[in-house]
Amino acid sequence: MKRDLAAIAAFALVVALLPLVTSSGVVLNFAMMVLYATLMAQAWNLLGGYGGQFSFGHALFFGTGAYAQAIAQLQWGLNPWPALAAAMLLAAAVGLFVGALSFRYGLKGSYFALVTLAFAEVFRVLALSVPFTGAGVGLMVPLKGGAANMQFEGRAGFVWLSLALVCAAFVLTAWLRHSRFGAWLQAVRDNEDAARAIGVDPFRTKLAAIGLSGALMGGAGAFYVQVFQYIDPGIAFGPHTSVEALVAAIVGGMGTLWGPLLGAATLHVLADLTRNLFGNLPGLNMIIYGCVLVLIVMFAPRGVVGVGRSVRDLWHSQERRRD
């Protein structure tokens, strides 16, 4: 645990110094978007990587946090900082609601994945229909400059904000790796019946995991609203957000501390390269995500963080075949 916390502190220090070293908007925007994607991937990783509950609809929590952040400011006059906390709590509550319905009836695997996808679509349709979400037009948060309103003049402030959220997610994950609850969660992931036999309650364990995962994803949604000052149902609850979260976690390495960061950085580097080479071709990023995911599953099932081990195992297997 001490080594993990030291590594997180070193990472935070390096990234925090980045805006002081360079004022390049391109570099700072890239760092901000990688951190934003890392937060989403780590949120998915808590439930999918450590809990073994694959979700195809994490946009449900993202959209809940995004709309809560926007509505709290526009209709309730709440300052963005307490609105962020409220958005994360509401997203966690939605996670607990979905988890209670799903886990109570023993849904897991592909059934759970489809249920989360269905809930995300239901919320998207609701957001299109009710007036307080702006329906199909969406909501636009007015510009009120200043750190007190969580709207910074340059990208440096947003880099530091996203870094704080990501470090909180890292600390939570590090605690999960070394805590009794984390051991329960991984036991449930590996074998629910065996976990139940030693006194672990799979329902409560998975319910707590989806609540924590929903809170982090809601924080990502609230951050998105503050950066881009706009949200609509397609952005909030669309499949692209869910895909980005799960692919980054899988590519980087599920059930690891640094995998989501490596996966998010890898995907954003590829996205920027293809954008420069081929322009903004519609759907190209999804094709790239799919190809990268297939290659990772085939040749590096442990993700980028486990490439060295995967290569070593492949080498040893080839050696045994020769012998």
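Does M150 count as buried, partly exposed or exposed, or, put simply, what does its relative accessibility make it? At 1% relative accessibility, M150 counts as buried, where buried means under 20% relative accessible area, exposed means over 50%, and partly exposed is in between (1.4 Å probe, protein chains only). Keep those cut-offs in mind, as they return throughout this report.

## About the model

This is a predicted model: local features need pLDDT of at least 70, side-chain atom pairs count only at pLDDT 80 or more, and totals for chains, interfaces and linings use all residues. Residues are numbered from 1 along each chain as its sequence is written, and side-chain values use heavy atoms, with hydrogens and water left out.

## The overall picture

Let us start with the whole chain. Its secondary structure comes to 14 helices and 2 strands; helices (H or I, at least four residues) and strands (E, at least two) are DSSP runs, numbered from the N terminus. The radius of gyration is 20 Å, close to the 20 Å that the globule rule gives for 323 residues, so the protein chain is as compact as a globular protein of that length. Here the radius of gyration is taken over C-alpha atoms, and the globule rule is 2.2 Å times the number of residues to the power 0.38. Along its principal axes, the C-alpha trace spans about 70 × 50 × 40 Å.

Of the 323 residues, 49% count as buried. Contact means heavy atoms within 4.5 Å. Among contacts with a separation of 6 or more, 78% come from residues 24 or more positions apart.

## Surface and charge

The accessible surface of the protein chain comes to about 15,300 Å², and 68% of this belongs to carbon and sulfur atoms. These areas come from the Shrake-Rupley method with a 1.4 Å probe; for residues, only the protein chains shown count as cover.

The chain has 20 positive and 13 negative side chains, and the centres of the two sets lie 5 Å apart. Lys and Arg count as positive and Asp and Glu as negative, while His and the chain ends are not counted. The place of a charge is taken as NZ of Lys, CZ of Arg, CG of Asp or CD of Glu.

## Aromatic pairs

A search of the whole structure finds 16 aromatic pairs. Rings of Phe, Tyr and Trp (its six-membered ring) pair if their centres lie within 6.5 Å; planes under 30 degrees apart count as stacked, over 60 as edge-to-face and the rest as tilted. F11 and F170 form an edge-to-face pair, 5.7 Å centre to centre with 75 degrees between the planes. F11 lies in helix α1 (residues 2-21) and F170 in helix α6 (residues 155-178), so the pair ties together parts that are 159 residues apart in sequence. Both F11 and F170 are buried.

W44 and F54 also form an edge-to-face pair, 5.2 Å centre to centre with 70 degrees between the planes. W44 is in helix α2, and F54 is 10 residues away. W44 is buried, with a relative accessible area of 1%, whereas F54 counts as partly exposed at 33%. Elsewhere, ring pairs link Y36, F62, F152, F158, F223, Y224 and F228 into a cluster.

## Residues in helices

Q42 is found in helix α2 (residues 25-48), and at 1% relative accessibility Q42 counts as buried. Leaving out residues up to four places away in sequence, Q42 touches A169, F170, T173, T256, L257 and P260.

G95 has its place in helix α4 (residues 80-104) and is buried, with a relative accessible area of 0%. Not counting residues up to four places away in sequence, G95 touches F61 and I210. W184, in helix α7 (residues 180-190), counts as partly exposed at 38% relative accessibility. Leaving aside neighbours within four places in sequence, W184 is in contact with V200 and T205.

## Positive phi in two loops

Now back to M150 from the opening. M150 is found in the loop between β1 and α6, and its phi is near 55 degrees, a positive value in a residue other than glycine.

A135 has a positive phi too, of about 50 degrees, although A135 is not a glycine. This residue lies in the loop between α5 (110-129) and β1 (139-140). At 21% relative accessibility, A135 counts as partly exposed.
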